[in-house]
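Hi there,

Here is the structure I promised to pass on to you. Have a look at it first, and then read my notes below with the model open beside you.

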Amino acid sequence: MSSRTTLIVGLVGLVAVIGLTFVLDPYRNYQLATIAAYLCVVAGLTMLTGVNGQLSLGHAALAACGAYCYAFTANGLAEQEVTGPVLLILPILAAVVGAAVLGLVVGLAAARLHGPYLAGVTLALVIALPAITSRFSDVFNGDQGLYISVERRPEFLAGRGGTEMFQAWVAIACAALVVILLRNLMKGNFGRQMRAVRDNEVAAAIAGVNVARTKVIAFTVSSAAAGVGGAVLAFMTQSANPGAFSLVFSLFLLMAAVIGGIGTLYGALWGSILLVVLPDAIGSLTKSLSLSPEVAQRLDGNLAVGLFGAIMVLVVIVAPLGIQGLLRKGRLKMQSRGTPQSVPVPK
Amino acid sequence: MELERFLFLTVDGLARGAVLAVFALSLVLIWRAARIVNFSQGAIAMAATYLAFVVTSATGNYWLGLVAALLGGAAIGFVVERGVMRYVSSVNPLNSVIAALGVLLVIQAIIGMLFGNGYHPMKLPFSQSPLPWLSGLSISAYDLFVFACVGFVVIGLAVLFGKTNVGLRMRAAAFSPELARLLGVRSNRMITLGWMLASALSALAALLVIPTELGLNPHSTDAVFVYAFTIAVVGGLDSAPGAVIGGLVVGVLLSWVSGYLGATLSPVAVLVLLLAVLLIKPGGIFSVTKERTA
């Protein structure tokens, strides 16, 4: 797609989604906000893994870092009796900076590692997170986590929509910013460098790409995006606790990127939607089956996890480009049926 | 008093490390057979341990459970390799990692659906209280049992790969699948065999370690896998002796850290160790340089 079409599609989509917040009920608005929050993290992950070839299982920990930075800053500001937009924007910026710094540290190590080694290190990072929060529980308040004073919805919204609507707006704004920045980064010169490093490090180095620097920058940017996602989640739930950023969450993020179509921002969007919608659909399905409470409790969550895992395996084997790849293939087929002379060549 | 505590922690660490070494060995086995770090290994071992739990609960016999875990582990390894991993394209090395993570989620979900997400207590075949005739060292009968199992596994693997025909074929298939096939080795079958062997080993490790400290639950091997991965990396993914020595060293280190600094810090210590080793010697301490890179 040309830049102009992307711009138009993006703007129309953004307006449509914001319009949607006015008609949805509070619960659906909350889900919409969750999708937007996930999109921030998954978009960063899809760039790192799909475009730059670095597999991270630690994005839950990076998002957690963002959430805790948000919590500390927001609570600090609230103590100083700061209110208004500052109480919202400054903590998010703090989350970005905090996650980016942690990402820089991990990224410096990651630049020297390949495939499974990097995956192992980032896996250890996620496992270590609850250990750190419970060891320094006077700071992080252990497993319970921190309560956060957040900015309430502005006064002018009072009659028109609930807190969830405001949350959705904030989340959508953050996701839009992240996606626009990542898109420009991926389309530009740096995106080419990232792809060159992914495909062949030696060739990239010979062509004048600074391999280590490219990897470190990619990891740092991706971490910053994860930090935004963590901050939005913290803002929505008014809490930051290690349980919300577990290993399973990390795997879910990877799954969203893979199932949606790794390396594409549209894929990140499909994946994030699936991540929220599928468990919800399965939940209502099991509820409608009127199972015994014990069976229902066992199915709750597990069924979604298993289904996600199975889909991920299938995608890797059958359709490595994910949902976005399938959509693209379908579109190309339709176009070629219309004008058989000019079959567009997929990049 | 200080010395006694130090001795206790060291011996305890050796016992834990021996088990982790077996787990790390299973990772090394699959790496050598198929050049894959199997991220679903922990889940396979966990599922096999559930099988042992069911059999032991039904029959009241620990040893039947042990056999069930070994056979069940091998069977799950067979299914995962023949059903999933064989079809994953090896063009991109990330594919196999992602597929293994998918398998991990499926297994955890199935176990969660069958048994619930709660903890199940497991029985031990021997007591965990220190033996009187080894006073001062505080070694329990169960520790001795663990050491015996680990010793048996290590010697068994050394004989298998060093002395037997099958072991030679497995090494050939891992080293160069195409060439081995030309020479009459059924490479695919050998890779499957490697998976089954490795899965049975990790099942044994999980069965030894889960009852004592973790408790049986669908996520009980998450941390164990990270420890074993660290050990395998510290030892160099290709080296079986490296995995054993690395396992003992990491076990003692973890025991010291949790004894002197607090039990919750073990995962952090592992993270630090892993980073340190990978940054200083990315191939692992026992790795040998095969070819010049870049």
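A:Gln54 sits in the loop between α2 (26-51) and α3 (59-79) of chain A; helices here are DSSP runs of H or I with at least four residues, and strands are runs of E with at least two, numbered from the N terminus. Is A:Gln54 buried or exposed? A:Gln54 is buried, because its relative accessible area is 3%, and buried means under 20%, exposed over 50%, and partly exposed in between (1.4 Å probe, protein chains only). Leaving aside residues up to four places away in sequence, A:Gln54 touches A:Leu48, A:Thr49, A:Ala110, A:Leu118, A:Lys215, A:Ala218 and A:Phe219, where contact means heavy atoms within 4.5 Å.

Before you go further, please note that this is a predicted model, in which local features need pLDDT of at least 70 and side-chain atom pairs count only at pLDDT 80 or more, while totals for chains, interfaces and linings use all residues. Residues are numbered from 1 along each chain as its sequence is written, chains are lettered from A and ligands numbered from 1 in the order in which they are written, and side-chain values use heavy atoms, with hydrogens and water left out.

Now for the salt bridges. One of the neighbours of A:Gln54, A:Lys215, forms a salt bridge with A:Glu201, and their closest N and O atoms are 2.8 Å apart. (A salt bridge is a side-chain nitrogen of Lys or Arg within 4 Å of a carboxyl oxygen of Asp or Glu.) This pair links distant parts of the chain, with A:Lys215 in helix α10 (residues 211-237) of chain A and A:Glu201 in helix α9 (residues 201-206) of chain A, 14 residues apart. A:Lys215 is buried, at 4% relative accessible area, whereas A:Glu201 is partly exposed at 25%.

How many salt bridges are there over all chains? The count comes to six. Another one joins A:Asp280 to A:Arg28, with the closest N and O atoms 3.2 Å apart. A:Asp280 lies in helix α12 (residues 265-288) of chain A and A:Arg28 in helix α2 of chain A, so this pair ties together parts that are 252 residues apart in sequence. A:Asp280 is partly exposed at 24% relative accessibility, and A:Arg28 is partly exposed at 36%.

In chain B, B:Glu178 forms a salt bridge with B:Arg181, their closest N and O atoms being 3.8 Å apart. Both lie in helix α7 (residues 177-182) of chain B, three residues apart, which is about one turn of the helix. B:Glu178 is exposed, at 52%, while B:Arg181 is partly exposed, at 47%.

Finally, look at where the chains meet: 40 residues of chain A are in contact with 44 residues of chain B. Together the two chains bury about 3700 Å², 82% of it on carbon and sulfur atoms; buried area is the accessible area (1.4 Å probe) that two parts lose on being put together, summed over both. A:Pro116, A:Tyr117 and A:Asn302 supply 16% of the area that chain A buries against chain B, more than any other three residues. How many salt bridges cross this interface? The rule finds zero between chain A and chain B.

Enjoy exploring!
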